[in-house]
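Here's a walk through one protein model, with the sequence and coordinates to hand. Have a look at the structure first, then read on.

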Amino acid sequence: MIARRAILIKLPKDKCDINHIRRLMALTNLAYRGFEVWVPDLPKTIQNHLYGSFKNFKGSLVFSTKPKGWFAKTWVPLKTLRIYPGGLRKGSATALLILDFRSGSIRIRQVCRNEPGFVVTIPMPRWVVERVKEGGDIKFAMIGLKNDEPYLALTAERVVEPHVPSGCRLAVDVNAWNNGVAYGIINPNNRIAEYSPLRPNLRLIDTWYYRAEDLHKRLGKLRRLGLDSTPEARRLAREVKALRRKVYAYLRDFVQKRAHELVMKALRLRAEVLIDDVIEESRRELIEEKIPSGLRKIYLAETRRFIKLFTTQLQWYGVPYEFKRLPSTVCPICGHKLIQERGRVMACTNCGFKAPRDKVPIHWALKAMPKAKVSPLDESPMPLGSTTTHEPTPITHVGEVEVPRHNT
Ligand SMILES: [Zn+2]
């Protein structure tokens with residue numbers, strides 16, 4: 001099967017003409033609808049690219065959905081030319097995007113500004129080099145605007161053979177950050193070999209959150225007094241914004257690192273992965289625990305992204321996985337509701353089962369005996385080894401970033 005991962009790269013704003021890119025996006029939208037609009041002041045190379053090869057893109061992964069509306073933001077698909085260190089060239093000679101691994105740079109021709117021969121050169125991201133080392137290839141790219149900023153989206157794809165499971169299982173229970181992600185390793189003779197929670201530094205998050213709330217209140221007071229344009233108020237507003245941004249940046253980074261670590265663990269052990277992603281339950285629990293709504297939002301932030309990053313990378317490395325309910329508040333022995341005692345210990349009043357909260361989901365995973373080959377990767381839809389398949393496989397997320405969709 002073919003696995004894909006994507007990355008978004010911010011382009012230098014001073015080298016991009018936003019209006020030009022916006023116009024190209026509008027023409028792409030039209031092209032999707034089967035219209036060919038030949039504009040006299042655009043280079044033929046771009047228009048040939050848009051209309052001449054559009055059929056190729058239509059069937060490819062990210063472009064398999066139609067833009068939702070007439071004025072939907074439609075990213076401009078680009079074919080790529082890859083030049084490898086030995087001089088080997090892959091892709092289209094007329095491509096507007098050149099990935100040059102010899103000089104470690106990416107050249108974007110014509111699309112950033114409407115000037116003949118205009119080229120923007122950016123350094124090759126390490127991400128690309130790593131994906132290529134793993135056997136990936138970057139056949140497609142897209143350029144477009146996100147919040148009026150120019151971006152390049154690269155999609156790496158790779159033919160993966162699912163690895164032969166060793167009999168090990170890795171159970172991963174994703175909760176809101178106050179409980180965190182609990183993982184456990186079950187060895188081939190069905191014993192729990194290791195378990196641990198992955199929790200961000202909650203004290204740090206809480207500190208930033210309450211500090212921002214505090215400053216926000218003071219700002220509110222100033223506003224009510226009509227003092228919202230004073231230097232003091234502006235300083236407060238800036239500080240609040242910076243603190244909130246800090247919280248999310250911290251969680252983003254945490255998620256990225258931990259997801260990757262878990263994937264590497266699964267890969268090393270040749271484990272099959274069980275994932276519980278019932279985040280709704282966490283949301284309810286947070287409400288029951290009377291966590292303020294702002295903090296609740298933070299505790300749930302990036303949990304979905306964690307799962308997306310995790311599963312995309314599992315696919316990329318050919319690790320079989322499946323989703324499974326692994327409750328941490330229900331007794332794995334008798335199904336009775338567990339009560340939480342001091343020190344995060346969960347206890348069953350019915351059968352006497354007792355375990356640390358983070359270990360309960362792993363007990364559930366123990367019960368979920370590996371069924372004979374039913375992981376999502378076993379039903380490979382495409383013949384292995386064929387690299388030229390461009391089946392219209394709609395996928396909603398492909399890794400490090402969500403590939404930009406056609407937003408209305
Ligand atoms: Zn019980």
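Let's start with a strand pair: β12 (residues 272-276) runs parallel to β13, and three bridges link the two. Strands here, like helices, are DSSP runs numbered from the N terminus (at least two residues of E for a strand, at least four of H or I for a helix), and two strands pair if DSSP finds at least two bridges between them. Across this pair, V273 sits opposite Y321 in β13.

A quick note on the model: it is predicted, so local features need pLDDT of at least 70 and side-chain atom pairs count only at pLDDT 80 or more, while totals for chains, interfaces and linings use all residues. Residues are numbered from 1 along each chain as its sequence is written, and side-chain values use heavy atoms, with hydrogens and water left out.

Back to the sheet. β12 and β13 belong to an open, five-stranded sheet with mixed pairing, in the order β11-β10-β9-β12-β13. Its edges are β11 (192-198) and β13 (321-323), each pairing on one side only. From one strand to the next, the twist averages 15°, with axes taken as lines fitted to C-alpha atoms and angles running from 0 to 180 degrees between N-to-C directions.

Next comes the metal. Which residues hold the zinc ion? Its protein donors are the SG atoms of C331, C334, C348 and C351, 2.2 to 2.3 Å away. Donors are N, O and S atoms within 2.8 Å of the metal (3.2 Å for Na, K and Ca); water is not among the atoms, so sites may look incomplete. Along the chain the donors follow C-x2-C-x13-C-x2-C. The four donor atoms subtend angles of 102 to 118° around the zinc ion, so the arrangement is tetrahedral, a label that requires all angles of four donors to lie between 85 and 135 degrees.

Two of these cysteines compare like this:

| Residue | Relative accessible area | Class |
|---|---|---|
| C348 | 5% | buried |
| C351 | 39% | partly exposed |

Buried means under 20% relative accessible area, exposed over 50%, and partly exposed in between (1.4 Å probe, protein chains only).

Helix α10 (residues 360-367) is largely enclosed by the rest of the structure, because six of its eight residues are buried. Those are V360, P361, I362, W364, A365 and L366.

Zooming out, the protein has ten helices and 16 strands, and 49% of its 408 residues count as buried.

Note on methods: Four donors count as tetrahedral if all angles lie between 85 and 135 degrees; four count as square planar and six as octahedral if opposite donors are over 155 degrees apart and all others between 65 and 115; anything else is irregular.
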